[in-house]
Amino acid sequence: MISKTFDNFFCIFSNLFCVLPTYLFYKDKNYHDALFVGMTGLTSFAYHLNNNKPDIISYLDRNSISNADYFISDLCVLNIGSYLAFYKVFNIRTNLLVIEIPLEMYSISYGNMYRTYFMYSTSFVLFCKFIYTRVKLKRLKKSNILILTIAVLINIIEIACFEWLQKVNNEENYNFYHSIHHICAFLSVALYFFVPKKFVYTEDRRLPRIMSHEYLNEQNIQVIEENKIKEEIIEEKIAVT
């Protein structure tokens with residue numbers, strides 16, 4: 001779209017947008033999802049560095065790194081779906097991952113069409129599970145809906161770039177639109193990170209602060225302990241008088 005050299009490097013380094021969601025998960029002490037997203041970006045970076053036209057390096061086997069990129073990127077999509085559906089219930093999420101791995105390996109070997117159906121259909125089921133649970137528990141707040149809507153809209157742009165735009169005049173357009181696909185994908189993951197969260201506020205009401213459930217539980221325990229201490233002080237004063 002701009003120039004072959006620019007589009008080529010843009011496609012490679014657009015994978016660095018994975019740093020944003022990786023950092024968010026890491027700060028939340030969610031190392032499972034941080035590692036998943038980080039490895040997805042790193043594998044894609046290596047794939048495009050080796051397989052793009054023109055290529056920058058040629059040390060890696062083109063077919064093997066291509067399969068590795070398909071494998072981790074598809075599983076990352078499914079992993080974010082399980083994050084929304086089950087949040088930090090890693091027992092269930094790990095079992096899902098064990099089921100998904102052999103199916104994903106088979107679909108990559110069988111063909112792209114089967115792989116695409118498997119990824120999109122599984123993601124859709126997990127997304128429906130998330131919506132059903134939130135509606136049933138009446139925990140789908142306006143803030144969650146807003147973030148979710150923006151993330152889905154970004155995903156629509158990403159899918160359009162990946163499934164259609166990059167395939168139109170492939171030689172000229174692939175690298176540019178595939179770069180947009182990378183950026184939108186990682187930005188949507190960063191937004192999905194916030195969807196299961198609870199929103200609380202600092203003393204400055206203008207500054208929203210998003211905390212994990214673990215943090216909120218710690219805060220509740222701290223408040224309870226502080227109330228107990230206050231009650232003990234009041235009882236001691238009453239006893240003295």
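Start with Phe-127: is it buried, partly exposed or exposed? Select it and show the surface: with 27% relative accessibility, Phe-127 falls in the partly exposed class, because that class runs between 20% and 50%. Keep in mind throughout that you are looking at a predicted model.

Phe-130 is buried, at a relative accessible area of 2%.

Colour by helix and you'll see the pair link distant parts of the chain, with Phe-25 in helix α2 (residues 19-27) and Tyr-83 in helix α4 (residues 62-86), 58 residues apart. Phe-25 and Tyr-83 are both buried. Then widen the selection to Tyr-87, Phe-193 and Phe-194, which ring pairs join with Phe-25 and Tyr-83 into a cluster.

**Into the core**

Stay on Phe-25 for a moment. Which residues touch the most other members of the largest nonpolar core? Phe-25 is one of them, along with Val-37, Tyr-192 and Val-195, in a core of 27 residues. Helices α2, α3, α4, α6, α7 (142-163) and α8 (170-194) each give two or more residues to this core. The largest share, seven residues, is from α4.

Centre on Tyr-192 and display its contacts. Beyond its neighbours within four places in sequence, Tyr-192 is in contact with Ile-80, Tyr-83, Leu-84, Leu-148, Ala-151, Val-152 and Asn-155. Tyr-83, then, turns up both here and in the ring cluster.

**Charged stops**

Switch to the charged side chains; you're looking for four salt bridges. Select Asp-33 and Arg-93 for one of them, with 2.6 Å from N to O. Asp-33 belongs to helix α3 (residues 31-51) and Arg-93 to helix α5 (residues 90-110), so the bridge ties together parts 60 residues apart in sequence. Neither shows much on the surface: Asp-33 is buried at a relative accessible area of 0%, and Arg-93 is buried at 3%.

Move on to Arg-115 and Asp-74, whose salt bridge has its closest N and O atoms 2.5 Å apart. Here Arg-115 is in helix α6 and Asp-74 in helix α4, so the bridge ties parts that are 41 residues apart in sequence.

Then pick Lys-167 and Glu-163. They form a salt bridge too, its closest N and O atoms 3.6 Å apart. Glu-163 counts as buried at 17% relative accessibility, because the cut-off for buried is under 20%.

**Last stop: the surface**

Helices α1 (4-13) and α2 each give two or more residues to the patch. Finish on Phe-13, which is placed in helix α1; at a relative accessible area of 40%, it is partly exposed.

Methods. Residues are numbered from 1 along each chain as its sequence is written. This is a predicted model: local features need pLDDT of at least 70, side-chain atom pairs count only at pLDDT 80 or more; totals for chains, interfaces and linings use all residues. Side-chain values use heavy atoms; hydrogens and water are left out. Helices (H or I, at least four residues) and strands (E, at least two) are DSSP runs, numbered from the N terminus. Buried means under 20% relative accessible area, exposed over 50%, partly exposed in between (1.4 Å probe, protein chains only). Rings of Phe, Tyr and Trp (its six-membered ring) pair if their centres lie within 6.5 Å; planes under 30 degrees apart count as stacked, over 60 as edge-to-face and the rest as tilted. A nonpolar core is a set of buried Ala, Val, Leu, Ile, Met, Phe, Trp, Tyr and Cys residues joined through side-chain atoms within 4.5 Å. Contact means heavy atoms within 4.5 Å.
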